[in-house]
Structures are given as C-alpha cells and as structure tokens.
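This report looks at side-chain packing and aromatic pairs. Please keep the model open while reading.

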Amino acid sequence: LVLMLDFVSVWLFAAGFIHLVENSGDPWQQYSNARDDPFSYFDSVWLTMVTMSTVGYGDVYPKTGIGRSFMMIYIVCGLAMFATYTPYIYEFYRSRSPYAGRYERADSKKYVVVCGHITYNNVKSFLADFLHPDRGDRTSRVLFLDNKRPEPELTGLIKRYFLSVQYFEGSALNHNDLRRVQLEHSDAVILLCNKDSDDTKSEDAATILRAISVKNYNQKSRLIMQLLNYKSKSFLQTIPNWDPINFRDENICISEFMYGLVAQSCLCPGFSTLMINLISTRSYIPGNDVKTGEASRDWKSDYAYGCDHEIYTVMISQDFEGMTFPQAAKICYTKLNLLLIAVENFDNSGLAINPLPDQFTIRRECLGYFIASSYKDVCKARFYCVVCFRQGLEIGFKPCKCRMEAIIPKKQRSTSHLPLSDIPKSPNHGANLTRVGSVDSKSSTATDTTQLRTVRHLFSQHSVNKTTSAADRTVVSGVSSTFDPTGNYHWVTEKKFEDVDLAKHKKKKKKKKKKKNKRK
C-alpha cells in the first residue's frame, strides 16, 4: 500500500507540474511560448505515465524549456523508482500465502474445523480415524486452521486427502480468520492439544483461550476440546455459553481418561485394552482362516479381527418396538450378526447398558449402541423389517420395498428412519441421563466423543454407590447427580483408604483360600 501511494503521488505531482508550465510558458521569455493547442490535465497525466513506463509514444510531448528539463529529471527518477520498487512488489506477491483464502461452503457437505496443535502426527492420526472407510461418511470435510504454514510432510498429507481436507493459515483467536472458514456453519470445532508438552498448565490455558474466542464468535458452535490436566476443567465455567446439554460441548481430559482406564483395569483386567480397541478405528483384512472358520487360526488373527470392531450408534427399526433388551439383542446377533450392548429411549429412562428384561422396554424412538466392524453393517438394524425377513429376503443397507411402497404421508412416517437431530424431544429430555452431551445420528457414524461418552458412563456406574441419598441424586441444570454442575466431575461416596487397598484385599483372599484348603 505504501509503494502504491508513493507511485501515485509522484505521478500526479509530475502531471500537475507539466500541466502548469506548458500552459504558462517559460518566465525568461515573458511567458510568450505557452502552448497554443489545448493541453488538458489528462494529457499531462498520459504524458507522465508513458514517460515513466519508458514506452514513449511521442503523440504528446513538452514544448517549454522548463517542461523538457523537468521531464529529463522525471525520467531518471522514474527509472530509479521502478528499479527500487520492483523487488518489493515481487516479494509482496511471492509472500502471499496459498492458504490465506476463504472456504467456499457447499450446502450438501458437512465439515468440522480443527484448531490448536496442528502437526503431522496429530493430523495423520486424526484423519486416519475421522475419514476411515468404516465410518461410511464420504461427504464430510475437515478444515485445519493454524497460524503457520504446513511443513512439507504435512503438505503432502493434505494433498493425499485433497478431496476432504483443506488447510487455512490463521489463528483461532482472530475472528476474521474464523469468518474465513465460516465457523458458524460448521458441525463442530475441535481443539487439539500438544500431548507431549512439558508445561501442561500453559498448554491447557492456550486451549481454553481458543475455546473462549470460538464461543465469543459464535455461541452456538459445538466445541470439542482436549485438556491435559484435570485441574484445568475448573476453568470451563469461564468459557462463555459453555453448555454440554444444549450445544453438546465436550471436553476430553487425557490424564483423567488414562487414569480412569488404569483404575478400571485394576478392578477388571483387560478393561482398558477392550475400551481402547472399541473407540479406535482400525482396518483388518481377514485371511481365509477367519472367514472360513478353520480351527487352524491362531489367537493373533482373532485379536486382529476383534480390533476391527468399534462402537456405532444408529436409530433402530420400529419393528423392535415393545421388545425387551434381551429379545432385541438376540435378533440382532442371530439374524443381523450385530452385537447390541446398550439402548437409549428419548424419555427419562436414559441410557441403559445390558439391562434386564423388566428394566427396559424398547420404544419407537430408540437409539441403539452396537459393536460392529463398520457403519454399513449397523444400518441393517436401522432398516430391519420382520415381513421381509420372514419372506427370506436379505436385510440390506437401505429401506425395503414394503416400507417404501407403503402409502403413508411423509409427515406421519416413523421417526426411526430420521436423524436424531430431526426427532422431536420432550422438554425433560436428558434430565436423568448419566452422561454429558448427546448423540448426533445425523452424521453417518458415532464420533470419538460419543464413544468416550459411553466409556464415561461405564465409569460412572462403578463410581456411584447404590445407597446414595436422595439429596445426592438431585438433578442440576439437566445433568445427572453423578456429575457436578459443569458436567465434568464424577461424585463418589467417601471410602477409607484401607477399604480400597488392593494389597490388603489380596491378602484376605489368600487367607480365605488357606482356610478352605485346611477345611478340605
């Protein structure tokens, strides 16, 4: 901008001076040699521009002595100016970042914005899970926003996923950069942290500042953030419009999750391995021994085959209405080859994991939690039809013909085929749910946040005593009593350290075994 202003000011000043002396004449000749032909200001502007650009058409030229003397000086200055400014202009255009553009949003495509600690390893692991073929969603896009240009390795990775990934240079603290990625239209904003940081407090502080900036820009944006230190969760209340219920905001405390898995593994060996395998998406190409069921397969093949399965959520078919959980689980396992582990009705019953027959009855609007190898397999539970199955027709991944041909008005059709976001919810929905956030089945798969929420619910079942008083089970702001008002901390009953010392429990077990052996 400064270079442009310098050029324009010199150009217009020279044009004005030539216009003055050519129409006035030389003073030493008593101004008698003024131009007789009309010489407008536009002619002088044309003359100075043609002269500075070294083109020199010759159609207009100065006739007075002062005008010609000035033009000689002007030519030298113009050449010097061009020689000086050309490198700056070149550097200016060269320094323009190819990642400084604006995202052109397509109405049919959903996208998420990822900010924070953007590195090759973080992006690689994130894309490998988020864009995994098992998730079945081919239309979602990922926008990365970082204040530095990507490294060559990261650039190559982005080009590999060029159909689904875009990179923008900017800061989450700058609202102009958030406007460039159209953050207000995104499905979610994900804030990644540096897991290898030595200063966890500073890293969490930077993440919380980004979260505040995002919420100040658009309070309705769904925010999913990573934190390193569990103590940093006390600052979540400082984030404006932080709402785990209405906006489905989530925070994933890495240290708390890790320690929780270790603690549960002490009570149930192998629990952490099972949970990690269920919340991570992996690919497995089965061999002939796995598919044919030969006895020669080893445990490694079975383990790799099990690692291929994850937790998925889907609205189950209306034909399951009125069934108990064991009945629905038996149909899913024997007829659909699916493992149903939990269900959730959209009323005050909440999420139920493997409930007894008299504890839960499936209703029309019911969400099922399945363990399967891909989302495509889970869709069989969504489009299950008793009539088609009795006729020997294979359950596919789309609605069957008998349902498509049914003469039912669109507005009166079952909501079991609608996304969860389109299903009308009761005013007290979520009042007694023992978890934070909600599931968005509009996306084709369950996100990692949904999977972690299921694990969090498993933790809460072990951590809450059944004899908790009625006062402790009150609901605060739509969050179950197993959480504090922020929806992040689990309340547990007080226990003495001696009662939870595993070493003493082992000694007691040994003593009991010795007594039994003596009796025998």
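Leaving aside neighbours within four places in sequence, L338 is in contact (heavy atoms within 4.5 Å) with C332, Y333, F370, A372, D377, V378 and A381. The model is predicted: local features need pLDDT of at least 70, side-chain atom pairs count only at pLDDT 80 or more, and totals for chains, interfaces and linings use all residues. Residues are numbered from 1 along each chain as its sequence is written, and side-chain values use heavy atoms, with hydrogens and water left out.

**Nonpolar cores**

A nonpolar core is a set of buried Ala, Val, Leu, Ile, Met, Phe, Trp, Tyr and Cys residues joined through side-chain atoms within 4.5 Å. Buried means under 20% relative accessible area, exposed over 50%, and partly exposed in between (1.4 Å probe, protein chains only). The largest such core has 26 residues. F320, C332, L336, L338, L340, I362 and F370 touch the most other members. At least two residues each come from β7 (310–315), α12 (325–334), β8 (339–345), β10 (366–372) and α13 (375–382). α12 gives the largest share, five residues. Helices (H or I, at least four residues) and strands (E, at least two) are DSSP runs, numbered from the N terminus.

A second, separate core holds 23 residues. V113, L145, V181 and V189 are among them.

In soluble globular proteins, nonpolar side chains tend to be buried together.

**A buried aspartate**

D146 sits in strand β2 (residues 141–146). Its relative accessibility is 5%, so D146 counts as buried. Neighbours within four places in sequence aside, D146 contacts G116, I118, Y167, F168, E169 and G170.

**Aromatic pairs**

Rings of Phe, Tyr and Trp (its six-membered ring) pair if their centres lie within 6.5 Å; planes under 30 degrees apart count as stacked, over 60 as edge-to-face and the rest as tilted. Two of them are tabulated here.

| Pair | Centre to centre | Angle between planes | Class |
|---|---|---|---|
| F70 and Y74 | 6.1 Å | 20° | stacked |
| F126 and F144 | 6.2 Å | 80° | edge-to-face |

F70 and Y74 both lie in helix α3 (residues 65–95). They are four residues apart, about one turn of the helix. Both F70 and Y74 are buried. Ring pairs also link F17, F70 and Y74 into a cluster.

F126 belongs to helix α4 (residues 120–130) and F144 to strand β2, so their pair ties together parts 18 residues apart in sequence. F126 and F144 are both buried.
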